[in-house]
Amino acid sequence: MGYQVIARKYRPQRFSDVVGQEHVTHTLSRAIEQKRIAHAYLFCGPRGTGKTTIARIFAKCLNCTGGPKVDFDDNDFRCQEIADGRSLDVQEIDAASNRGIDEIRGLRETVKYAPASSKFKIYIIDEVHMLTKEAFNALLKTLEEPPEHVKFMFATTEPEKILLTILSRCQRFDLRRIPAALIVKHLAHIANLEKVKVDPAALYAIARGAEGAMRDAESTLDQLISFCGETIEEPDVLSMFGLTAQSQLLELSRAVLAGEIETALYALGLLRECAVVAVPTDGFEGMTICTAYVPAIGADTSAWNLRERLTEVLPPYMMPSRWMAFDALPLNTNGKIDRPRLREQFSAAMAAPDRTEALREHAVILT
Ligand SMILES: Nc1ncnc2c1ncn2[C@@H]1O[C@H](COP(=O)(O)OP(=O)(O)OP(=O)(O)O)[C@@H](O)[C@H]1O
Ligand SMILES: [Mg+2]
């Protein structure tokens, strides 16, 4: 077989291979065991977290020989056809390029016919939020009362764009971003099979850059193998993606915990793009509270990263209890943090009506 990118080569083939989405795979497995199979499913979640993969595995479980069952045989020709996209009874439709009413009308025509050689006729509609309103309405008619042999599986990154009337006819599953530690474990497994040596800190940096998307992590690993060959180290990853060294983040977290504001601010200066100021105070109902300030630039992604990092280094009771978006850290003409202006921004944020007294006190400690 020709060269295949890692993300395709290592696409999970059964539920037990899927990483970090047990809440979905367990529920689907139970439904199959109990023979409680709905006629429409919706898989939502961020890119590259397993929506299409889970829909295909589910299709295999439903249509395998002797199915529906979870433990289908890998050599079952029906499952192989589905995995290769050759099954006449499992149609994958990309709604991004088949958005209109004509396509959905076409689908409605085929729905009436019995499956060719399997138990069910399964339609996997990817990026379903891209359908036009008219197409959604046409689909609705079919969803209302589909024939017994028809199952729909929809996947989307943007469930909020789907009509409520459609949503209410589907069983909905929300996939999560995959925690960095699980991505690291999975990448280590792949690296081992591919016979490449990847330093643990490098794996970690790849996982951080992937922001919970396994496909992104795997594509990065692919790219690094082409770039570095058989040995990959942390600096390779950092230089390729402009990420921050783990040691710098640890230093920031340590300073935050110790309440060493000077050091924390200094560490922040080094990490401007994913800057967070977190200041712990003691004595609030016996707990340590710290508040983290995330710059609004790329706030989502960097906040998420930092929160992930902090989760690993801090015990839960020390996790920041508040996170708020801040505009970019104020810098002076030398490119250093402008402390007086930071203090002003901080005080203004603290003066907001929804801040508690405890938090205000704590702000005084910082300034
Ligand atoms: N939970 C996971 N466990 C293991 N591998 C995964 C997981 N999620 C994604 N992958 C890897 O990423 C690839 C792409 O996954 P998939 O096509 O299922 O993502 P998706 O959620 O449908 O993404 P998109 O929103 O971009 O369509 C898979 O082939 C697999 O290699
Ligand atoms: Mg997909």
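This is a predicted model: local features need pLDDT of at least 70, side-chain atom pairs count only at pLDDT 80 or more; totals for chains, interfaces and linings use all residues.

The protein has 16 helices and 10 strands, and of its 367 residues 35% count as buried. Among contacts in the protein with a separation of 6 or more, 71% are between residues 24 or more positions apart.

Ligand 1 is surrounded by 22 residues, of which Arg11, Gly50, Thr52, Thr53 and Arg215 are the closest. By type, the residues of this shell divide into 8 nonpolar, 8 polar and 6 charged. Helix 1 (6-9), helix 3 (51-63) and helix 10 (214-228) each supply at least two residues of the shell. Because domain 1 (6-174) and domain 2 (180-241) both give residues to the shell around ligand 1, the ligand lies between them.

The largest nonpolar core has 44 residues, and those that touch the most other members are Phe43, Phe58, Ala59, Met153 and Phe154. At least two residues of this core come from each of several elements, including helix 2, strand 1 (40-44), helix 3, helix 4 (77-83) and strand 4 (150-156). The largest share, 7 residues, is that of helix 3. Alanine 59 touches Ile82, Val90, Ile122, Ile124 and Met153, when residues up to four places away in sequence are not counted. A second, separate core of 21 residues includes Ile6, Ile183, Leu203 and Leu224. The two cores are set side by side below.

| Core | Residues | Members include |
|---|---|---|
| Largest nonpolar core | 44 residues | Phe43, Phe58, Ala59, Met153, Phe154 |
| Second, separate core | 21 residues | Ile6, Ile183, Leu203, Leu224 |

Helix 8 (residues 180-193) has 14 residues and reaches 20 Å from its first C-alpha to its last, which is close to the 20 Å expected at 1.5 Å a residue. The buried residues of helix 8 are Ala180, Ile183, Val184, His186, Leu187 and Ala191. An α-helix has 3.6 residues a turn, so residues three or four places apart point the same way. Just after helix 8, lysine 195 takes a positive phi of about 60 degrees.

Leaving aside residues up to four places away in sequence, serine 29 touches Phe15 and Val70. Serine 29 and valine 70 are 41 residues apart in sequence, yet 6.2 Å apart in space, C-alpha to C-alpha.

Key:
Residues are numbered from 1 along each chain as its sequence is written. Chains are lettered from A and ligands numbered from 1 in the order in which they are written. A residue is near a molecule or strand if its C-beta atom, placed from the backbone, lies within 6 Å of it. Helices (H or I, at least four residues) and strands (E, at least two) are DSSP runs, numbered from the N terminus. Ala, Val, Leu, Ile, Met, Phe, Trp, Tyr, Cys and Pro count as nonpolar, Asp, Glu, Lys and Arg as charged, and the others, Gly among them, as polar. Domain bounds come from an automatic or database domain assignment. A residue is buried if 20 or more other C-beta atoms lie within 10 Å of its own, exposed if 12 or fewer, and partly exposed in between; C-beta atoms are placed from the backbone. Two residues are in contact if their C-beta atoms, placed from the backbone, lie within 7 Å. The expected span of a helix is 1.5 Å times one less than its number of residues. A nonpolar core is a set of buried Ala, Val, Leu, Ile, Met, Phe, Trp, Tyr and Cys residues joined through C-beta atoms within 7 Å.
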